[in-house]
Amino acid sequence: MTRIPLPDEMAKTYSLEIEAPLYAWWEAQGYFKPRIDPAVKPFVISMPPPNVTGILHLGHALTSAVEDALIRQHRMTGQPTLWVPGSDHAGIATQAVVERELAKEGLTRHDLGREKFVERVWEWKKVHHDRITEQQRRLGISCDWERERFTMDEGLSRAVREAFVRLYDKGLIYRGAYLVNWCPRCSTAISDLEVEYEDEASQLWYVRYWTVDRSASITVATTRPETILGDTAIAVHPDDARYQALVGREVLLPVLGRAIPIIADTAVDPAFGTGAVKVTPGHDPTDYEIGKRHNLPVINILTDFGVMNEAAGPYAGLERFECRRRIVADIQGQGDLVKIEDYIHSVGHCQRCHTIVEPRISTQWFVRMQPLAEPAIAAVRDGRIKIVPERFTKTYFDWLENIRDWCISRQLWWGHRIPVWYCDDCGQQTCQRTDPTQCAHCGSSRIHQDEDVLDTWFSSGLWPFSTLGWPEQTPDLAYFYPTSVLETGYDLIFFWVVRMITLGIEMTGQAPFNTVYLHGLIRNEDGQKISKSLPDAWKYDPLYIIDEYGQDALRYAILTGSTPGNDMKLALSRVESSRNFANKIWQAARFVLGNLGDEPARFTPPAHLIPQPGMNLADRWIISRYHRLAGEVERLFAAYQLGEAGRQAYEMLWGEFCDWYIEMCKPRLHAHGAVEADSARQVLVYVLEGMLRLLHPFMPFVTEAIWQYLPHQGESIMIAPWPTAGVLDDAAERSMSTLMDLVRAIRNARAEYEVEPGKRIAAALVSSSESTMLEEQHEVITALAHIDASKLVIAPALAARPEKALALIVGEIECYLPLADLVDFERELARIRSEIARQEAELARANALLANEGFTAHAPAAVIAKERDKVEAAGSKLAKLQERLAALNL
C-alpha cells in the first residue's frame, strides 16, 4: 500500500489541493475495481457514455455525482461494485465538428475521401477523448478505468455487427423508400427523436388553383409554397359542402401547369385555412399517408443539400428558401396569390445543427419496433424494471404503445457502416458477421458495401451488455449482467432508455437493468436553460466551479439540490454554502483531534457503540441520533432520495453535532476527570467517524482526508463499512429535545431584550416531571444559555411566581428570567414610552390621511396601499411595545 498523500498534521483550513492527489491514490490502490465474490450479487452501473465532441457540462456533473454516490455507497456495503466508463462516437455531432475543422483549412471531407476523412476523425477522437477522461477524473468519479470502452472499439463493433445480423435474419431490419426527416446541413436522415420543434413566426400564403378549363378555382393555404412544385393533389373533407361539386375534377399546378386531381379525405381539417389543402406526399407526413390511400404519385423536389432538383422545373438549382421567394413572386405575378396572413406554427429543427428539417422520401434502413416493443412493455409492467420516479412509467408506455419503426441509417462516413453488401450481378443483398468476399446468393465477387452508417443510438442501445464482452460469453458478462441501475436524464428516455431495453431483451433474453433512475436538467438560478448564449455561461462550467469551490462542494450542491425527475436551479451561492459545510466539518474534526490527548488510537471507534443508562445524557442522545440517521439514510438511498439523505446528514452534523454536542462536551473535556472526558472523546470520535462515512458518497475528498487523521480501522474510508442503524434511545432524544428547546427559548429572550452576549443572567426552572433531568444538566444549561450558576434555581414547584420576571413555557417546564437581569428598568421604560408615542403619532397620521376622501379618491392605488401597510405595521409594533411595557410594570 502506497502512502496516502496527506501532510502528517491536519492543516488549519481545508485545502482543495488535496483532491487530485487523493484521486490518484485511490486509483493506484485499485479501489475503483470490483472485489468479485461469486456468492454475492454485484451492483453495476454502465456510465452513460459522453460524446467525444467537446468539454463536459453540468449535466455530466449531475450524472457523475448521482452515479458515483450510488457506487460509493454500495461499495462500502461490501457488495462487489462495478461502474463501467466509456465514451460515444456520436456520429453526426463528431463528423460535423471535424468538418468544421477541415473548413478552416479550406477543405471538405470529399477532398480527403472517405478513408482519409475517417482517419482524421480518429485522430480528433484521440485528443478529445483524453481531454474528456481527464475532466471526468476532475469530477472525482470512482469508475473502473481498466474496463473503459468506446462505442467504436473492436469489441463493441463486433457487438454491433452481431446485433444487426440477428435482426436482419429475423426480418426485423428492412430497407425501403419512405418519408424521413432530412437535415440538409448534415445531409442525412435523422430520427423523429432528433427533431426539435420550435414555434416560429411565419406566414400563410393563400394560392388559387384553376380547374383545367378555368371554369372554377379552389384556394389553398400553405406555409411552404416551394413544395407546390411537388403537389400531386388537392384534398378536401368529404363532408365539406363547399367543395363537393369539385371533388373528382382536376386543377392546374400554379407556374408549372401540371394537372392534379381534387380528392376527398377525412384527414383534412375543414377549419384550417380555406378547408382545402395541397397534398405533397414527398414532403409531408400527413400528405404521405393521404397519398398512400389514394395511390398518388410521390415527387421529390429536393437534393440532399436542400437545393431544388430537376423536378422543380425552372426553379432547379435554387436553394429552398430562395425558391420560396421566387415562386411566391411568380404566383403573385400571375394574379393567383389571393392573400398572405401572419402565422405562428411549429417548425422542426435538427437537434445537432439547428437547421430546419425537411420531410423527404429517401431509401433508408429501418428496424421494425412493434415486435421489440411488446417485451419491453412487459418488462416494466411485471416489475422486472422499475422506473424512478414512477410518473415516467406512463410516458414510457405511451411511447412504446404508439411506436413507429426506427430509421437506423445515416448518410455519414463516421460510424458503424451498414454490414450489407450488394451484388452487381444478381442484385441480391449479403449480410453476415464477417466481411464477405463474394455474393452469398450467386458467388460473384463483384459486390460493394452499403455506403451508410448506423444511427449512433444503435450502438448505444447495446451499451449495458456490449461493454461486458457480449456477444462473447465472457466472465464479466456472466457475473455483472444484467446491470443494476441505469441513471440518465429524463430527456433520454426515448433516445436511449427504450432502445437499451428493447435491444437488451432481444439480444440477451434479459432486461439490461432492474432500475431506471431519471434525473432532471440543471438550470441557472433564474430557471433558464444553461447555454453558451447566456452572458454568464462561464460561471456554470463545472471545471470553473471545481477550481473555485472544489469538487465536493459542487457534488454536494448538485445532489442535495435535486430530486428524481425534476429540474433544479443552481445558484453559485449554493455551491459556496456547500464549501462552507466542508470547512465546518474540517474545523469540527480539528476540535475533536485537538482534544484526544497523546494517545488518540485509544479512541478508535467500535463497529457499534450502544447508549447505556449510566451514560451522560448528551452522549446517549447523540449516539441515538446518529444511529437513527444511519437507518434513515439507508432507507433514503434505497428509495433513490439522495438529496434528502444528504440534507439530513448536513442538518445533524452541523445543527446537532457541531452546534450542540460539541458545545455540551467542552465543559466535560476541560473541567472534569479523566473518565468523564474520555467518555466524551470516545463519543465524539464514534459519531464524527460514522458521519464521515455517511457523507462519503456526497463529499468523498474531505471525508477521506479527515477520516485518515481520525482514529479509524482500515485503509480508506472508500472501503470502510457503510453505517447501519444501531440501538436507539428514545428517552434520551426526548429529554435532549426538551433541553434544547429550553436553551433556545432563553437565547431568544436574551436576543429580544438585547442582553450582552457575555452577560450571565439568573433563571428559575420549575417542573415536577423534568426537575431531575434539569438538575443533572445544570452545567449544560448554564454554559449554553449563559446562566449564572449561582443564580440558577431548579425546583419541582415554587410557592409563588417570581415578581418582575419574564415567564417562558417549554413543554412541562416553567422558566422565569428576572427582568432586572435582562434590562436597565428606568432606561428601558423611557425608551419604550418614547417609541410608543412615536408609533401612536405615525398611526394617527396614517389614519387621518386614509380618512381624507380627497386623498383616497385621487391618490394612486399603490400609494394608498402603502399607507394602509404603514397603519398595519405601526399597530403591530404598538401592540408589542405595550406588551413589553406591561411586563416591565409587573
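Visitor: How many of the 16 residues in helix α14 (residues 493–508) are buried?
Guide: This is a predicted model, in which local features need pLDDT of at least 70, side-chain atom pairs count only at pLDDT 80 or more, and totals for chains, interfaces and linings use all residues. Residues are numbered from 1 along each chain as its sequence is written, and side-chain values use heavy atoms, with hydrogens and water left out. Helices (DSSP runs of H or I, at least four residues) and strands (E, at least two) are numbered from the N terminus, and buried means under 20% relative accessible area, exposed over 50%, partly exposed in between (1.4 Å probe, protein chains only). Helix α14 is mostly covered, and its buried residues number 13.

Visitor: Which residue just after α14 takes a positive phi?
Guide: Helix α14 spans residues 493–508. Just beyond α14, with a phi of about 80°, comes Gly509.

Visitor: Is Thr227 buried or exposed?
Guide: Thr227 lies in the loop between β8 (217–222) and β9 (233–236). Its relative accessible area is 4%, so Thr227 is buried.

Visitor: With which side chain does the side chain of Thr227 make a polar contact?
Guide: A polar contact is a pair of N or O atoms within 3.5 Å; within protein, one must be able to donate a hydrogen and the other to accept it, and residues adjacent in sequence count only if both atoms are side-chain atoms. For Thr227, at 2.8 Å, the partner is Lys278.

Visitor: Which residue of β12 is the bridge partner of Ala235?
Guide: Two strands pair if DSSP finds at least two bridges between them, and four join β9 to β12, which run antiparallel. In β12, Ala235 is bridged to Val277.
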